[in-house]
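User: I have a structure to go through with you. Can you take a look?
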Amino acid sequence: MKIQVNGSKAGDKENGCALCGATWGDYYEEIDGEKLFFCCDVCATEFKNMIEEIKRRTGWKKIDELSIEGNYYKGRNCVAKTEGREYKFYVKFGDDAEIETFKEIE
Amino acid sequence: MPICPSCEYRASEWKNIASHMYLMARNSDPSHVMWMNRNLTMKEVDVDNLSIMLENFFSIKDNLSFWIREKFIQKFYGESPHPFILAMQNPTRGVLLGYVIEHQHFLKNWVKVLSEIIFKTDVEEVIKYELENINVEYFGYNGRPSHYELLIRMGESLGMPREKILSYKPLPSTQSAINTWRKIAFESNWVEIMAAMHSLELVADKTLRKYGAKMHYFNETILSSNDFPKEVKDFLREGYEADQTHAGEALKLVDKYAEDPEKIQVTVLRSFDAFAKYLTARLERGMEFDKNLIKVVL
């Protein structure tokens, strides 16, 4: 999966956490067969919850590209892509890494 | 004495705190990583640089209240002002209703937390100060309506009945912020609680621009505009005129009675974190009435 966080490549230690873009930490999770870097397990859980929600709402089997803009405070504006299709949404997470708000953007 | 802003581990030098935080971050401890991400830098640095950054971040150049003001401006009015403040430059009915519905819960909690300060202090000028603040917020003074009542009236003027306004439960982000402030109230000493709560009143302090804020809390032309109901202007004017005095006076008391400035700094930052989340909740609620509002947070 090609991931961009706030305009920069993300998902490995060198470039930063797949959700927030931070290079602190040393936490990895396999998602869709790919080992992704996260700064902590909270970001990893949030990311997994987000991916599951996209798949549930779109019916997609996998996501090729994901662009994330924003942060913890104001939530995140995202664009997911697969096989030429595009899905835009806003997501905000709660205190336990759960999805607190998820809004599809037209 | 240097303190870890995440777990409050104490050491005699910032270098020791930096080593501790670096190790915790290397182990991906969420609380330590998040603190650094949100306050210092998202890019990993070595212990020496981290030590310098921490020392600079917590360094009090003038007095504690000046440091608090500076950090507040950086977080809410800096390069990227909070989206709620941006929305208040040209507020729609949705923004203002979001404000009303979530803020009623904030104000109720506000007076509860202030009462904990009174409970915990024996300093008479602090007791009087807090009682006066509670009075203004909840009962009104000199025949003028309370801040809480002005808020509800603002909602009514926007077409929402009082019973409906009062029937809303807080959004999860508002509740999470309230939980943080209640935790601070239970666990901290009264000076820390004062600093954590009254520093939030800086949000409407009109002198902030003198210290580097890029804009005011709301577009001040609203106060003389015919595009907004009188009740909207009454509510905004009250905060505009009161919060400067409130925050300023409280922070003077914090300066006067602070015995452990580093601990106060850490508590204040926790309160700022909660406040940033809470301000977003106002916008989120506002989206229920104005779908275009989502563009403000994008």
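Predicted model: local features only at pLDDT ≥ 70, side-chain atom pairs only at ≥ 80, totals over all residues.

User: Which residues of α3(B) are buried?

Analyst: The buried ones are B:Leu50, B:Ser51, B:Leu54, B:Phe57 and B:Phe58. They cover an arc of only 135 degrees around the axis, so they sit on the same side of α3(B).

User: And what do the buried residues of α3(B) pack against?

Analyst: Four helices of chain B: α1 (14-26), α2 (30-39), α4 (64-76) and α13 (261-286).

User: Switching to the interface. How many residues does the contact take from each chain?

Analyst: Chain A gives 27 residues and chain B gives 30 residues.

User: What area is buried between chain A and chain B?

Analyst: About 2500 Å². Carbon and sulfur atoms give 59% of that area.

User: How many salt bridges are there between chain A and chain B?

Analyst: Three. In one salt bridge, the side chain of A:Lys92 meets that of B:Glu284, at 2.9 Å from N to O.

User: How many residue pairs are in polar contact between chain A and chain B?

Analyst: The count is 19 residue pairs, with both residues at pLDDT 80 or more.

User: Which elements of chain A give two or more residues to the side that touches chain B?

Analyst: Those are α1 (41-58), β7 (85-93) and β8 (99-104) of chain A.

Conventions. Residues numbered from 1 in each chain as written. Chains lettered and ligands numbered in written order. Heavy atoms only, no water. Buried < 20%, exposed > 50% of the residue type's maximum accessible area, 1.4 Å probe, protein only. Arc of directions from axis to C-beta. Contact = heavy atoms within 4.5 Å. Buried area = accessible area lost by both parts, 1.4 Å probe. Salt bridge = Lys/Arg side-chain N within 4 Å of Asp/Glu carboxyl O. Polar contact = N/O pair within 3.5 Å; in protein donor to acceptor, adjacent residues only side chain to side chain.
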